[in-house]
Amino acid sequence: LREHEEFTKVKNIATIELGKYEIETWYFSPFPPEYNDCLKLYFCEFCLNFMKRKEQLQRHMRKCDLKHPPGDEIYRSGTLSMFEVDGKKNKVYGQNLCYLAKLFLDHKTLYYDVDLFLFYVLCECDDRGCHMVGYFSKEKHSEESYNLACILTLPPYQRKGYGKFLIAFSYELSKKEGKVGTPERPLSDLGHLSYKGYWTRVLLDILKKHKGNISIKELSDMTAIKAEDILATLQTLELIQYRKGQHVICADPKVLDRHLIQAGRGGLEVDVSKLIWTPYK
Ligand code: ACO
Ligand code: ZN
């Protein structure tokens, strides 16, 4: 089955309907074979069950009583809420989310073993319910110190700062765990751009405050960003010199200011006082 999947990466589903949006898909996703003869799929925006016909969805919506992702609401600020969904407790939801996400993720393996993952689903809420804008998944236990496996902002919500919000959120969870984290590789082009933007902004802000008098280890402790990612980011910004066998940060204030201007918008902030969460045990 794996091999078959690898060699038939022909896009199957061309569009999906999700909530008020009709969305064109980007990539192949291995939906069960009975869905392979249709170009469009209809998703329930709350439980993420998918159907072949509009009438089936309409019938489903009359009896589906979910108005938000299953699981615990761990963050709420204004109309923005984050839900934590345990893949073991909500297996079908986890699988549906993976099928949906794969439509927009290229070289990611689709995990059928959703038991091992937590899903952090970001929603915009109104009087009709909590509408998913994006999510990230996280292994319950990662040997490689991954704090994020897959990240997605649904296309209608992209370029509004939600991606950087999700990334920031993943690091806030790592801080609460007292661990450093890094995203699972490989990163897509868009994933790389978003991470590079996030790392640059966070590190430059601290360097500016500390006038550069800070080590990579200290930066890592403060941000939960893995030292390798910090080094790589500062190297691209040309803020690292190699002296006597050691990497040292050389943060000329003028260079910092120039980079900060280029770094662009800070985006939506995670208000940590509104995060109510304890690490998975
Ligand atoms: N063109 C150029 N730059 C872009 C684009 C784009 N289309 N999209 C994002 N960026 C860059 C920009 O620098 C942007 O910052 P700016 O708007 O301040 O300039 C930054 O990335 C982040 O933008 P956000 O609005 O915060 O991110 P968004 O909500 O669009 O989500 C994400 C980014 C999650 C990568 C989204 O593009 C996506 O879901 N892509 C498809 C799935 C994917 O590739 N996921 C990452 C795979 S890697 C992994 O999962 C570990
Ligand atoms: Zn439903």
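Ala224 counts as buried because 22 C-beta neighbours lie inside 10 Å; a residue is termed buried if 20 or more other C-beta atoms lie within 10 Å of its own, exposed if 12 or fewer, and partly exposed in between, with C-beta atoms placed from the backbone. The model is predicted, so that local features need pLDDT of at least 70 and side-chain atom pairs count only at pLDDT 80 or more, whereas totals for chains, interfaces and linings use all residues. Residues are numbered from 1 along each chain as its sequence is written, while chains are lettered from A and ligands numbered from 1 in the order in which they are written.

Ala224 is located in the loop between α6 and α7; helices (H or I, at least four residues) and strands (E, at least two) are DSSP runs, numbered from the N terminus. Although Ala224 is not a glycine, its phi is positive, at about 65°. Most residues other than glycine have a negative phi, and most peptide bonds are trans. Glu238, likewise not a glycine, has a positive phi of about 55°. This residue is placed in the loop between α7 and β12 and counts as exposed because 11 C-beta neighbours lie inside 10 Å. A cis peptide bond, with omega near 0°, joins Arg185 to Pro186. Pro186 belongs to the loop between β11 (182-183) and α5.

Helix α7 comprises residues 227-236, and its residues Ile230, Thr233 and Leu234 are buried. These residues lie on the same side of α7 because they cover an arc of only 95° around the axis, the arc being that of the directions from the helix axis to the C-beta atoms. The face turned away from the buried side carries the exposed residues Glu228, Gln235 and Thr236. The buried residues of α7 pack against α5, α6 (216-223), β12 (240-243) and β13 (246-249); two residues are in contact if their C-beta atoms, placed from the backbone, lie within 7 Å.

Helix α5 also packs with helix α8 (residues 253-262), at an angle of about 150° and with the axes 10 Å apart. Axes are lines fitted to C-alpha atoms, for helices over the stretch in contact, and angles run from 0 to 180 degrees between N-to-C directions. Thr200, Leu204, Leu207 and Lys208 of α5 meet Leu256, His259 and Leu260 of α8 in this contact. Its residues divide into four nonpolar, two polar and one charged; Ala, Val, Leu, Ile, Met, Phe, Trp, Tyr, Cys and Pro count as nonpolar, Asp, Glu, Lys and Arg as charged, and the others, Gly among them, as polar.

The shell around ligand 1 holds 26 residues, of which Thr153, Gln158, Gly163, Ser188 and Gly191 come nearest; a residue is near a molecule if its C-beta atom, placed from the backbone, lies within 6 Å of it. Two or more residues of the shell are given by each of β10 (151-153), α4 (162-177) and α5 (189-209). The largest share, five residues, comes from α5. By class, the shell has 11 nonpolar, 10 polar and five charged residues.

Val121 is part of strand β7 (residues 117-126). With 25 other C-beta atoms within 10 Å, Val121 is buried. Apart from residues up to four places away in sequence, Val121 touches Pro69, Phe83, Val85, Met132 and Tyr135. Val121 and Met132 are 11 residues apart in sequence, and their C-alpha atoms are 6.6 Å apart in space.
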